[in-house]
Amino acid sequence: PEPIKKFLNSLPFQLTKAQLKVLHEIRKDLESDKPMNRLLQGDVGSGKTIVALIAMLIVVTNGCQAILMAPTEILADQHYKNITKMLKGMNIKVNLLIGGQKKSEREQILNEIKNGTAQIIIGTHALIEENVDFHKVGLVVIDEQHRFGVMQRSELIKKGLNPDVLIMTATPIPRTLSLTLYGDLDVSTIDEMPANRKPVKTVLRGESKLPDVYKFIR
């Protein structure tokens, strides 16, 4: 669709072969009659969020809403800021629903979710657990939630929704374990880092190094 082309052309980089392969798998699921139930694996910095955003755009251009659920309010807010920035000039309504919002602001957001004005809705699990009425949800993306609970899925179905579900994780899961944990999920893996991406360093420091850790954070 035209909005997807416009978005891809606006990106300051090209998608990797791995991202395109995964997008093809997701797109086939979105076009299928049965709901998608897919796990998207990839290291930090491999570009999972951009793949999820393109999937959300496909759903939105087909007249449905897309939800992005994050495990913390800080992460939800970060996603909201990044996605709003990336979609600048695209005429797509992105809403953030988290605790701590003023009552009047919250009521307006809930109203926009209900009447369909809000097309991409970002927040924590409060999105499905609280009194939130959606207009027409086509896709739910869950970020770093190692198991999309049966209870949460049933909450959505109770609202008359049985959407496509995409779960993102940066935790590398051995194949045997992933079959135990995610036997009911199809797995897509982004196994290639974008060009010129700085490597992610993971460092372990003991308690004796605490002053150095604080200094480094500052």
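Throughout these legends, buried means under 20% relative accessible area, exposed over 50% and partly exposed in between (1.4 Å probe, protein chains only). This is a predicted model, where local features need pLDDT of at least 70, side-chain atom pairs count only at pLDDT 80 or more, and totals for chains, interfaces and linings use all residues. Residues are numbered from 1 along each chain as its sequence is written, and side-chain values use heavy atoms, with hydrogens and water left out.

View 1. Helices here are DSSP runs of H or I with at least four residues, strands are E runs of at least two, and both are numbered from the N terminus. On one side of α5, Lys-103, Ser-104 and Gln-108 are exposed. Arg-106, Ile-109, Glu-112 and Ile-113 are buried. These four sit on the same side of α5 because they cover an arc of only 125° around the axis (taken from the directions from the helix axis to the C-beta atoms). An α-helix has 3.6 residues a turn, so residues three or four places apart point the same way.

**View 2. What packs over α5, and how it ends.** The cover on the buried residues of α5 includes β2 (65–69), β3 (94–97) and β4 (120–123), with contact meaning heavy atoms within 4.5 Å. Helix α5 itself runs over residues 103–115. Just past α5, Gly-116 has a positive phi of about 90°.

**View 3. Who lines the largest pocket.** Of the 25 lining residues, Gly-45, Gly-47, Thr-49, Ile-50 and Arg-197 lie nearest the centre. A pocket is an open set of points on a 1 Å grid over the protein atoms alone, where a 1.4 Å probe fits, with protein on both sides within 12 Å along at least five of seven lines; lining residues have an atom within 4 Å of a point. Helices α3 (48–61) and α4 (73–86) each give two or more residues to the lining, and α4 gives the most, with five.

Conventions: Expected span 1.5 Å × (residues − 1).
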